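Open the model in your viewer and keep the sequence panel beside it. We will go stop by stop, selecting as we go.

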Amino acid sequence: MTRPLIAANWKMNGDLALAEAVIAGLAEGGGGGVDVLLCPPFVYLREVARMVRQAKVTGLAVGAQNLDYHAHGAFTGEVSAAMIADAGCEYVIVGHSERRALFGESDDDVARKAQAARGAGLAAVVCVGETFAEREAGRTEAVVESQLAPLAGFFADSDGGDFAAAYEPVWAIGSGQSATPGDARAVHEFIRRRIADHNPAAASRARVIYGGSVKPGNAAGLFAEPGIDGALVGGASLAARDFLSIIRSGYAD
Ligand code: PGA
């Protein structure tokens, strides 16, 4: 089985001391067969990547939270996939709902970003998920399907190891109210089937992780569901103890 992935999305929070605390905790106790990903703000990437290399913890990697899909050019304030790779990253989050809602990223932008990530040898953590109103209207699958549609070519060319899909219901992000394990599982299965439409081998190998108010108290229940291959953790990744507890709460060797 593919190793689960537990990712910390710090958003515009955190500092080097937080990275140090998480890395020290993992170096002490190990990750227990789990891949762990730290996604701090851009300015910390190179230093956190250096700290991670030095710590020599198996399966621990660094990723960015966003990228620009252009290779280079007059795009003030933006950062390319190659620059992110050059900083020592192995991953990049693509299409987080805050990028979509606050910065106007379209489904097509997200697909371009995923392709740019692959071009630089980065694994994309591609986020999809519905709003509360969309869920209430019974449109969860339709919304997720339309978010995945422009990624058809990306999935078709994948070996399943160069991306993870993150199911992040928008209403669960930062709200304290996680999806139930059963509801999350149903959408994970839907996402995997849509990927399989383009590439069955990649779909069975790729990780589909859950994000939205994952905490020490609900992680084990989510991780117990087949097809939930890890988590993308926001708020609870900002306290080293909580994040380490989430890592240790599932997928023990
Ligand atoms: P949360 O954020 O864990 O704070 O809900 C998750 C995310 O936005 O990736």
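Start where a helix begins. Select Asp 15 and Ala 17: at the start of H1, a side-chain oxygen of Asp 15 comes within 3.2 Å of the backbone nitrogen of Ala 17. Keep in mind throughout that this is a predicted model.

**Stop 1: helix H1**

Now select residues 16-29. This is H1, with 14 residues. From first C-alpha to last it reaches 20 Å, close to the 20 Å expected at 1.5 Å a residue.

Colour its buried residues: Leu 18, Ala 19, Val 22, Ile 23, Gly 25 and Leu 26. Why do they sit on the same side of H1? They cover an arc of only 155° around the axis, and that places them on one side.

Turn to the face of H1 pointing away from the buried side. There you find the exposed residues Ala 17, Glu 20 and Glu 28.

What do the buried residues of H1 pack against? Show strand S2 (35-39), helix H2 (45-55), strand S3 (60-64) and helix H12 (240-248).

**Stop 2: the ligand**

Centre on the ligand. It is surrounded by 13 residues, and the closest are Lys 11, His 96, Glu 168, Gly 174 and Ser 213.

Next, look at the backbone around it. A polar backbone atom of Gly 174 is 2.6 Å from a ligand oxygen. For Ser 213, a backbone N or O atom lies 2.7 Å from an oxygen atom of the ligand. At Gly 235, a polar backbone atom is 2.8 Å from a ligand oxygen. Taken alone, the ligand exposes 280 Å², and the protein buries 96% of that.

**Stop 3: helix H11**

Select residues 216-223, helix H11. Ala 219, Leu 222 and Phe 223 are buried in this helix. They share a side of H11 because they cover an arc of only 90° around the axis.

Show what the buried residues of H11 pack against: strand S1 (5-9), helix H9 (181-198), strand S7 (207-211), strand S8 (230-233) and H12. H12 also packs against the buried residues of H1.

**Stop 4: His 188**

Finish in helix H9, where His 188 has its place. Is His 188 buried or exposed? It is buried, with a relative accessible area of 1%.

Display its contacts, leaving aside neighbours within four places in sequence. His 188 is in contact with Tyr 167, Val 208, Ile 209, Tyr 210, Gly 227 and Ile 228.

Definitions and conventions:
Residues are numbered from 1 along each chain as its sequence is written. This is a predicted model: local features need pLDDT of at least 70, side-chain atom pairs count only at pLDDT 80 or more; totals for chains, interfaces and linings use all residues. Side-chain values use heavy atoms; hydrogens and water are left out. Helices (H or I, at least four residues) and strands (E, at least two) are DSSP runs, numbered from the N terminus. The expected span of a helix is 1.5 Å times one less than its number of residues. Buried means under 20% relative accessible area, exposed over 50%, partly exposed in between (1.4 Å probe, protein chains only). The arc is that of the directions from the helix axis to the C-beta atoms. Contact means heavy atoms within 4.5 Å. A polar contact is a pair of N or O atoms within 3.5 Å; within protein, one must be able to donate a hydrogen and the other to accept it, and residues adjacent in sequence count only if both atoms are side-chain atoms. A residue is near a molecule or strand if one of its heavy atoms lies within 4 Å of it. Accessible areas come from the Shrake-Rupley method with a 1.4 Å probe; for residues, only the protein chains shown count as cover.
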